[in-house]
Amino acid sequence: MKLNAGIITKQLEITKEFYTKNLNFGVTFENDFYLLLHTPNKKSELAFLLPNHPSQHPIFHKPFNGEGIFLTIELENVDEFYKKIKEKNVKIIVELRDEPWGDRHFAIRDPNGLSIDFVTYTPPQE
């Protein structure tokens with residue numbers, strides 16, 4: 001089984017630019033109403049779909065409202081990636097920090113309001 005999350009948004013071009021330029025995602029497929037991106041290692045994909053497209057069933061029509069969903073992207077070295085994101089002037093919502101349960105992470109938002117948490121797992125604090 002493979003999971004592929006999808007976000008319904010009017011902002012396909014802005015979204016494509018954000019993910020490819022800031023997060024080094026690649027384009028797996030795109031057309032005039034659908035954009036499928038992949039992580040740099042091609043292990044995961046994220047889809048974006050225009051709202052109210054006539055080719056799609058009505059359950060895929062309503063746009064994402066910017067709340068209630070987050071992505072977690074696991075990294076080998078979150079500190080290194082944090083530095084790269086800061087250099088690209090992407091707004092950091094949660095600054096890099098350690099959590100007592102064993103996460104070292106920071107978070108940003110994409111142009112659609114989707115929260116993205118970048119994490120390297122570390123041993124829990126005792």
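Helices (H or I, at least four residues) and strands (E, at least two) are DSSP runs, numbered from the N terminus. This is a predicted model, in which local features need pLDDT of at least 70 and side-chain atom pairs count only at pLDDT 80 or more, whereas totals for chains, interfaces and linings use all residues. Residues are numbered from 1 along each chain as its sequence is written, and side-chain values use heavy atoms, with hydrogens and water left out.

**Overall dimensions and surface**

- The C-alpha trace spans about 55 × 30 × 30 Å along its principal axes.
- Of the 126 residues in the chain, 40% are buried; buried denotes under 20% relative accessible area, exposed over 50%, and partly exposed the range in between (1.4 Å probe, protein chains only).
- The accessible surface of the chain is about 8,200 Å², and carbon and sulfur atoms contribute 53% of this area. Accessible areas come from the Shrake-Rupley method with a 1.4 Å probe; for residues, only the protein chains shown count as cover.
- Among contacts (heavy atoms within 4.5 Å) between residues at least 6 apart in sequence, 47% join residues at least 24 apart.

- Phe33 is placed in the loop between strand 2 (26-30) and strand 3 (34-38).
- Phe33 counts as buried because its relative accessibility is 15%.
- Leaving aside residues up to four places away in sequence, Phe33 touches Leu12, Phe48, Leu49, Leu50, His53, Ser55 and Gln56.
- Phe70 lies 37 residues from Phe33 along the chain, and their C-alpha atoms are separated by 23 Å.

**Salt bridges**

- The structure holds eight salt bridges, each defined as a side-chain nitrogen of Lys or Arg within 4 Å of a carboxyl oxygen of Asp or Glu.
- One of them joins the side chains of Glu30 and Lys16 (2.7 Å, N to O). Glu30 belongs to strand 2 and Lys16 to helix 1 (residues 12-22), so this pair ties together parts that are 14 residues apart in sequence.
- Both partners are partly exposed: Glu30 has a relative accessible area of 34%, and Lys16 one of 21%.
- Lys86 and Glu95 form a salt bridge through their side chains (3.9 Å, N to O). Lys86 is partly exposed at 39% relative accessible area, and Glu95 is partly exposed at 40%.
- The side chains of Asp98 and Arg104 meet in a salt bridge (3.0 Å, N to O), and a network of salt bridges links Asp79, Asp98 and Arg104.
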